[in-house]
Amino acid sequence: MRFENTRRFVSSASSARSLGRTTLTVAALSALAGAPGGLALARGPINDNCLSASQNTIVYEAGRPDAYAAPFDSVTYGPELAAFLANGPGTKLFDQPGDYKDFGYTFKNLPQGITSAVLEVRCRADQIVSSPDDFFGLQRIGGTLGFQYLRQFPGLPGSPGQWLGGTDFTFTLDLSNLPGYYGATNLLPSLNTLRRLDLWISDNTTVDYARLRITVCPCSSPYRIYTVGSADNFAGGTEPTYRQPALSALRTTPPWLWKDCDDQTTDRGWGHTFAGFPGGITSADLLVRMLPSNAGSGNDSISVDLLGAGGPPTFGRGFNINTLAGAGSWTNQAPTDFLFNLNTTLPTGYAGTNLLGGLADGMFDVYVQDDTAVDYARLRVRACPNPVMNDGVIAESIFGAELATGLNGSLIVSNLSPGGGVRLDAHATTAQKLSFDPGQFAAFHAGDSFTASLLRKADAGAEPVASEALHFEIRESPTSPDVRNYFRHTLSRGGASEGCQPVTLSNSATGEQITTCLPPGGGVETSGTDLASVEIVAATSSRGSRHTVRYLSGQTLRCDDGTEFAGDTIEFLGATSQDAGTQGAKIAVTWGGNGHQGLAAPNLTISGIEMAVAGPCQIGDCDDTRPLYFRRSGGDCTLNTNPGSVTIGNIGSSGQDGASVDLGRAASFAMNLESFCGGQSTACESRGQSLTLTAIGEANGLSGQVLGETRVTSRIGHFFDIFTDSRSPGSGPMQVEVLNQFGEPISSVIVPGGTADITAEGGSGMAGGKITFNEFLNLYTGFMFRGEMTFTIGAVAVTGWGVAIADLGSSATAINTVTVHASGMDELDISNIQKQAAATAPPCSADFNQDGGIDGADVDAFFASWDAGAAAADVNQDGGVDGADVEVFFAQWSNGGC
């Protein structure tokens, strides 16, 4: 050890280190760290009482066991260890020799429920003189203690008795029983509370690798599902994949590069990086549907879990596809699903008992080469501790805030400290909307503030960072004595230029709006705090970011440039930025403290969460800027967002679990549905499945109309009832088409009236469904099965693989919302989501009910819509529904047309 460095070491005679303002000898430090009661760490709620047969062993690898060979392997630090090392003489990597430099590593994202833990570290002393004084520290906890366990190398359990230059030894430490000067230290409570393990070694010792092996009682938490591609059996165009740089670097020679989902090009690799996982994963499985593209597929392989930087690219495990169950020779097989249980899949060449440890870095790579096509892949992970759910979205505490579920699924955030709050799972979303309980901000104090931030990832494995943030500061009102507090709103955008900030102020009651420009750092003040919602829309490649604050009632809105406006909505507009094209990872709501001593922090209640997962316009060339917002619709299910898709997970048997998608006003809409059980699409066949699709929109000038509903329910074995009710007034007969295995019609039957009741028998269970409104706003629903079915439509029986029902006489003018409810399955994937915006008014206002004639029925329909304030009654398209619309309607009606 080099005593003269500024690292706060003192002479080796006392072997002491100054920690903070107090200097403790190693003996005293070890006594405090190891003595019973010497260290008190709060232990969070964990599950550590499961039977041994239920426990998982997980191994976390750090560095490569390569006998100190170059290239050096990378290290990562938790914030506590990083701050400690920043004050030292410098740091080094795995395998890197060098005198007077510290080594550090943090095993992060550990689960709770750890019942045993063993740390294995291979080290080599570099100096004859100084190495014996090197320290070995575990679990940085700050304060005067520094590390919960701290010894010099000769005193470590199992030490070779000396630590002189050239000594090479592998230490194996039981973290539940680390002998110290005054008793044993048990690190298990610390691991379960902090969910990390810090390792520090000073400073003339080289480290080859470190390996942490834990045994854990898994939690019974719901799965978080990550998907790429949709289960459409290679139909339609290709669907995009994402690859982290290390995976992309495996194929760089044209034309033998990469292909996306559904692409059957030969001699190209398929690869995808799953990212954004929660910490503490205790179980996981991977499902991949693949198809051999030609005879050369027989030697193809699939590899998973690309290991970290520091050496030649290595996967945790690889398989020749033709060795997998169900693959055959893998030359001319049909599309085949392969399920990999990562709890039991053994890694290749490493000491792990499964592949779960590789998920702790937040990434999981899958690579298929190179004559095999991939339809889709699904990764399911289960973490411990159980997540807090709000409206089906995972919520994480920030800085000790307490999270609880209130009435109607609301999220109550309490025990707030400055910077504390909640982080919400916004994986792969393009927009997020949070709603708040009425009146709650009246309980906040002047000086309080909170911030709603969009967090993005720069790379798959990176920590999410705030790129845009809306700031809300509560002040005492200097201009309105009758209003105690008011909000001041500002927007910060990471990396954005300090220029004019466009802001639009609007009044939803009158439709009026103005746009002004704030100076750098400028904001908008309001006359009150009755906040209704906050919406954050990320920048895309073609549109800028948009952040909207809405109030429950009208406010006096004052801008820093002197503009005043009576309205209820503030919209901060941003140009596309360096974040263009990226998607959200999380959204954070944090509290900023208050300005009055002794006043308790208020609670924050979020009454609803909506997440947008697809671009605002998917069909045709339209300019609708409204995101497609999903939210849970009843039950206790979870919502798993992914690029362009949503998975409803944790589906129970009540039939109430489901989701709704807010379309605004859509002229056409489509989405595909695929059911999964236990991670597999074929495992639901023995269950009693049900699926209900409901569409709500505008018809005959009235909003809130149920345009149609379709239900499919399995009763006994493979016997299904399919019922469609097209409820919109004026609906015509139903056309029922029977489909072959490719979804193509092979027979058609017309059913009079607005309902169709069909039975289906045979096959191998329901594969999925589809709901579509075509350009004529006719409702179209379809269901596919996993084998041939006999469909009975009235007196007609037809054999096929699927059925589609279309309403031939819809009077709808727009679709606003589509809901999906399911039972008899674990998850339901919603993909291939497409939408086209509707016109803001009927094509001809005179024929308001769109029945082809202009008569008194149009007057009745218009006034019903006008009284309800429906968007369809805005016939002059000025953004509001008022007397001007009546004048325009009657002028057109009197003329007999437009």
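Helix α6 covers residues 883-894; at 1.5 Å a residue its 12 residues should span 16 Å, and the 17 Å between its end C-alpha atoms agrees. The expected span is 1.5 Å times one less than the number of residues. Helices (H or I, at least four residues) and strands (E, at least two) are DSSP runs, numbered from the N terminus.

This is a predicted model: local features need pLDDT of at least 70, side-chain atom pairs count only at pLDDT 80 or more, and totals for chains, interfaces and linings use all residues. Residues are numbered from 1 along each chain as its sequence is written, and side-chain values use heavy atoms, without hydrogens and water.

Return to α6. D885, V886 and F889 are buried there. Buried means under 20% relative accessible area, exposed over 50%, and partly exposed in between (1.4 Å probe, protein chains only). Seen down the axis of α6, its buried residues fall within an arc of 100 degrees, so they line one face of the helix. The arc is that of the directions from the helix axis to the C-beta atoms. An α-helix has 3.6 residues a turn, so residues three or four places apart point the same way. The face of α6 turned away from the buried side carries exposed E887 and S894.

Now take strand β8, residues 146-152, which holds Q148. Q148 counts as buried because its relative accessibility is 6%. Its side chain makes a polar contact of 3.2 Å with that of S190. Such a contact is a pair of N or O atoms within 3.5 Å; within protein, one must be able to donate a hydrogen and the other to accept it, and residues adjacent in sequence count only if both atoms are side-chain atoms.

Most residues other than glycine have a negative phi, and most peptide bonds are trans. W330 has a positive phi of about 55 degrees. It sits in the loop between β19 (315-320) and β20 (336-341). W330 is buried, because its relative accessible area is 0%. N832, in strand β54 (residues 827-837), has a positive phi near 50 degrees. At 29% relative accessibility, N832 counts as partly exposed.

One runs from Q369 to D370, with omega near -20 degrees. Another joins C384 and P385, with omega about 15 degrees.
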